[in-house]
Every structure is written in structure tokens, then in C-alpha cells.
Amino acid sequence: MSEILTDNLISMPALALRGLVCFPGVMLHFDVGRKKSVKALNAAMERGQKIFLITQKNVFDENPGEEELYTVGCVARICQVLRMGDDSVKVLVEGLYRANMLSVDSSGSYMTAIIEKCEDTPLRNRKVYLETLARKIRAEFDSYASKGIKLAPDIAVTVASSDDVGFLADFIAFNIPVPVDDKQFILEQLNPVSRAKITLELLGKESEIIDIDRKIGEKVKTQIDDNQREYYLREQIKAINYELYGDTTEDEIQEYSNKIDMLLAPREVKRKLEIELQKMQKMPQGSHEATVVRGYLDACLELPWENYSDKYVPISRAAEILDRDFYGMEKVKERIIEQLSVYDLNPNIKGQIICLVGPPGVGKTSIGKAIAECMGRSYARISLGGVRDEAEIRGHRKTYIGAMPGKIISALKQAGTGNPVLLLDEIDKLANDYKGDPSAALLEVLDKEQNNTFTDHYIDMPYDLSRVVFITTANDASAIPAPLLDRMELIELSSYTREEKFQIAKKHLVKKEVLNHGMNGRQIRITDEALYDLIDFYTREAGVRRLERTIATLCRKTAKKIASKEAKSVRITSATVAEMLGNRKYRPESLLDRDEVGIINGLAWTSVGGELMQLEVSVMEGTGKLELTGSLGEVMQESAKAAVSFARANADKYFIAPDFYKNRDIHIHATENAVPKDGPSAGVTITTALVSALTGIPVRRDVAMTGEVTIKGRVLPIGGLKEKTMAAYRAGIKTVFIPKANEPDLADIDKTVAEKLNFIIADNVETVINGALVRLPEKADEKPFIPASVQPAVKAANTISQ
């Protein structure tokens, strides 16, 4: 029997339950496997068959101590013990009463506990309240049981036949599947009414859980049914497709799915492609819609979304590449090296957009390709000449028949990386019509603040262009729309000088054309004199394209001679050039045989380089008219009027008849009538020639000049000095007058030109007049004007007097 220590304290064997709670008045059967628990059962059987059952907090604890056990348990009587073959025991017990555990001893072969019996709190509620509470419990239990919970039939009978709210609470809490913590909480309640209320709340919560679980189950079942139906229909579609087209799209869908998984792209892009793939999966294989989706997926999967090149090229190697491919152009090379140095220090820099501006044939496109090689990046070229549809830049909506991405996206696909060098060629040749303005579409492409979310109409997803290096080319910067020009940094490429053309031809063009025509350096040799003849007399251009074609003509004629066995090798000289190409197409620029009155050498800039332009001024009897010929533009005509005003204002200084503007007509003519001429740089030339004609003093034939003139005689700066000085050098000029403001530009001219020419800096036209005329005007130069009709009679009278 159990050992009674005092009236309330009892010492008896104790057994820790895992996941079970024993209540008074209920039968509980469980398995016992732990050795201490089996020995506790044996001791209890020897001491009156009573044992204290206490629940442990952690079901995985094999040897729980006092802190791992709840404090309130149940004293039970062992009704049946069935020993199994594996040393485990099946036990059937009956709960007797609640007990509070005061201490526990686990040091022996089994666990013993000192307990204190817990009596229920006496009920003070009215009988009708207790009866109502019992009915409420039974009704809530019936509602709970009606939800399909599997309960033994005798449980419902017991609940229906009992009116004891305390027993009902214990019995129901014991038999419903609720967490152990909830059951233990009810066991610890000594007030039967409190136990009943908690049980009611527990039943309500469990009923709600059952309802929610049922709804979830129904939804899952419906979804499973829908998935099965969809799978069945899909299989039918596959069978139909197989019968119609002889194959199945299953492999194709899986292939696209694998490509999407392997694609280096943002998550949003992959999600969009997966949605499109799902649409395609539900379409018949041969349908037009499936073809559209298939083309769209192919276009998106070929794009280098996050595939960036990280190849590194040292700056020294970049300089070698530029020197290898281009002769001269030192300023342009220096600017490119500076830009590449920035990329070397900060590879992720964004928004660097360069515009190469220069005449045709100077190598703008070649420079763009060389920049890509210097940076170690892939290269793609986009020709914008004649593009007049905005959709060619942004692409077409994929719903249209024949839709395709725009030129930007297509170029990225061609480049294969997300940070290539894209060359936008001939950006000044863009046009526009009713289909839109492509230059407006390029505003987003070339804006560093916007192009990180460029959206092509066909792709219909933002694409990051901020890592792309854009290089544009143009012949005329003024033809580029101002908003577009504002987004680019201009690098000007001037026309090649005569010496630069010679070096390019000798080092690059000749070798290239000889190789292209299947010959070698032993079979054909072009002398330096022949190359100079080609440059001076057969080509006149800013670049070297026509020169290259002319060299190709020489190579073809040489190849004919070699192929026909007329010669084994050909040496091309100046005489040979004339034989092969015929008469010279351009006459050489040369000086006058002697100093002339009113004839002067001016310097002009053209798109093909500098030119020596001779101006002639004649003064004759008349009524003060000013005649301008030679296809002069409006600006040049205004320069002539300014020159006349200067001559009138300074007539006394140069001993010019003060009334020349009344009784003399002035005719200003520029040679080569068919060539239009304009610009302010002929101002000093016209003024000097006019003073020469009015004073009768010749102009030195070996001088040339350029500069804008004002009516006060100030000389203003001009452009194209490098090309103009080269033209002066070719023509044999010795002295060149330039504006004082252009003095810093002398550092850019060719070294040979600088050595051969004498430059005189002028800030006033008087400096030019004094240096260009063979002598300064004197008072003796002022002669009365004699009309041409009476000049013979005057001359005869002078002869008689002599």
C-alpha cells in the first residue's frame, strides 16, 4: 500500500506519461516501455495497485526530472497489466482523484512522489444554472460530434446521461483530440464550473478548426479535380496535335522552360517569359498565336540581359591599336585614350556618349570599331541614314503581322553582350514623316538618366542600356536636332591634309588593295611621286575613299598586265599614272606670274579640305554701283559691303579719291563661278583687293590671307585654319595673314606647313594691307578719275607735251 505520511500527504510510485493526461473517473490504457516506469508499476501492484500518473512537458525526454513534469496529476488504480514479449507492458488504469505533486524522487530504481489530494471546490451555483451549463456542454458536444469526428458510441451515451458538469468537463476533455497543454490546463482546474466553461470554449474552438479544415479540404479536392481535368484535356490536345502534325510540343515546351531557367535575366523578365510559355502551351501548335509567342520567346531568350563582358585591355595596348590603324589625328587619339582611361578606372561608368563629326571618308566608322577593340568589348553598327520610322528604333508591337524588335535591341542581340560598343552611324541623316520621328525615340536611348529602363515595343519589358557605350557619327552637327545633340560629346575630325593622305595611302591603302587584288609587293610598286599625283590631280576629297578607289584602279590595270603575261612586275610612276588614268582631273593650284593690281589670294575651307581662292576687284567709271559675281553667298556679299564702307571711311589714309563711291563702279569677282561660296573669312581679302584696285598698287603674289573684317577694320577669328594653311602650302604661298584670335590654332597645323610658311598675326586690316601691297600708298597715287571714253585723247595730249 501507499505510505501515508500525514493526514494529507501520501508517498506512492509515480509514472510519467508522454502525450497523455489521465482524468478522474475515466479509463485509460497505455503502453509502458521505460524500465523505471515498469518498475513503478510493479511497486504499485505490490502496494495496493495505486499509482500517481503525472504528464511530462517534453515527450522526447527519456528521464524527466521534477522541473520537466507538470505539478498536477491523477492518482489511478491499476486494473489490468499485460506483459509483452519485448519487456514492455500494456496497462489499463482508472482515474480516482486529482493530486498535487509536492516533490519527486528519481534516484531509486523507480520514481516516487509525495502528493497531496486535491478536492474540488464546493459548488455555490444554483441548480438551474448547473443544469443549463450541463445542457450547453452536451449541445456543444453534439455539434462537435456531428462534424464527422470519429468517437466511440459509448462516449456519446455517457455524455448524454450525465448531469455532473465537473465529470462532463473531465470526460469530454479526455476523449477529444486536443493538445496536451489544453487537457492539462483543464485537469488543473479545481472548480467544476470553471472546468465546464473552459471545456465549452475548447469545444467551440475545435468545431471552428474542423470547419476550416473541411473548407480547405474541399478547396484542395476541387483543385485536384481541376488539375486532373486540365491534365486530361491537355493529353487530348497532345494526341490531336500528334495526329495533325505528326509530332508533339512537349519537348519544345520543356526546352523553352530550361532556357528560361538558365537565362541570366531579372526575375521580372523570367516571370513574364514563363507566363508567355504557359500561353503557348495551351495553344495548338500550328496556330498563328503560337507562332507569334514562339517568335517572341526566341527574341527575348537571345538577348544578353545580364551577360556582361569583363575583358580588360591595357591603355598602352589601346594606344598601339590606334597608332596601328590611324595615321595622324593626334588630338582625336588623345581624346579617345582619355575616355578609355576613365573606363579603366571605373568600368561601370554610365552615360558616356561620343559623337564623331567630320566629312565623309575620314574614318569615323573605323574609329568606332577601333574603340571597341581597345575596350575589349563586342561591336555592332546601326545605320541610321534614311531611317524615318520611329518603330525602327523602338520596334513594333508583337501583335502586328511581321513585327520585330527595333534596331537597338537587334544590335544588342548581334553583339551578344549587355555592354557592347554600339555605333549609330550617320545620325545626322535621320528623317521623319507621319510614322513618327526616330530622333525623338533616340532621346531615351542616349539619355543616361533614362536608358536604364529602355522599353522596346516588341520586347515590352524594360532593358538596361546604361552599360552600353554609344558612339555616333555625323557629317554635319548642325543637322542633328538640338535635344539629341545636347546628350552627346562632340569630337571633330577634320579633313586629311595632303601629307596625311600620302602617309595613309602608303602605309595602309596600297598594301590593302595590292592584297585584295591577289598581288604582292614584288609584282607592283607605286612610287611616292605617283601617290602625290593621285592626291593632287586625280582626287579632291576630305577623306581617302576616292583615293582608295583610284589605287584599286591602278591595281586592276596592273593585274591585267600580269595575268596576260605582258609584264611580271609593274612600277607605277607619275608617267605611268597618266597612262593608266588619263588626263588630270584637277589643275594644280599655282601663283600668278607677277604681282597684279586688284588680284589677291584668299583662303577658303571646304568639306574636302582647304582651297586657294583668288579674288579680283576692278574699278571702272560708273555711277557708284557694286557688282558681286562668282556665286557669292549672303554673308560674303555683306563682307564686300563692309569692305567698301571701310575704304570710304579711310579714303584719306590711303589717298583714295573721296568720291569714288559716286562716280566709279566696283566689280568684285571670285574665281570658279560654278562653285557656291559663302562665309565671313574673305573679309580681309576683299578689303585688301579693293584698296589695291582703288590705289593702283599691286598685291604681292606670294601672300594669302583669311579673316573676317568689320567696318572699323577689326579682324575677327575664323575656322578651318589647319586646312587653309595646307592649301597655301600646296600653292607655294610664302606669307599668310591670320587673325590674332586664331594664333593659338597654329599649334594644330601640320609641322611641315609651319616650317615653310611665314605667319603674320593681324588684329586690324591695316596690318594686312600694309604687308600685302608691294608698297604703301602715297599722295602721288591719288589721281583724278578719267573716264575710259576720253582716256585716248588724254594720253595723246600727254605724248605731244612730252
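**A loop and its setting**

A: Glutamine 49 is found in the loop that joins α1 (35-46) to β4 (50-55); helices (H or I, at least four residues) and strands (E, at least two) are DSSP runs, numbered from the N terminus. The model is predicted: local features need pLDDT of at least 70 and side-chain atom pairs count only at pLDDT 80 or more, while totals for chains, interfaces and linings use all residues. Residues are numbered from 1 along each chain as its sequence is written, and side-chain values use heavy atoms, without hydrogens and water.

The phi of glutamine 49 is near 65°, a positive value in a residue other than glycine. Most residues other than glycine have a negative phi. Glutamine 49 is partly exposed, at a relative accessible area of 32%; buried means under 20%, exposed over 50%, and partly exposed in between (1.4 Å probe, protein chains only).

Serine 631 also has a positive phi, of about 60°, although it is not a glycine. Serine 631 sits in the loop between β19 (626-629) and α21 (634-649), and its relative accessibility of 37% makes it partly exposed.

As for confidence, the protein averages a pLDDT of 85, and 93% of the residues score at least 70; pLDDT is the predictor's confidence in each residue, from 0 to 100. Confidence is lowest in helix α27 (residues 791-801), at a mean of 42. Where pLDDT is low, the predicted coordinates should not be read in detail.
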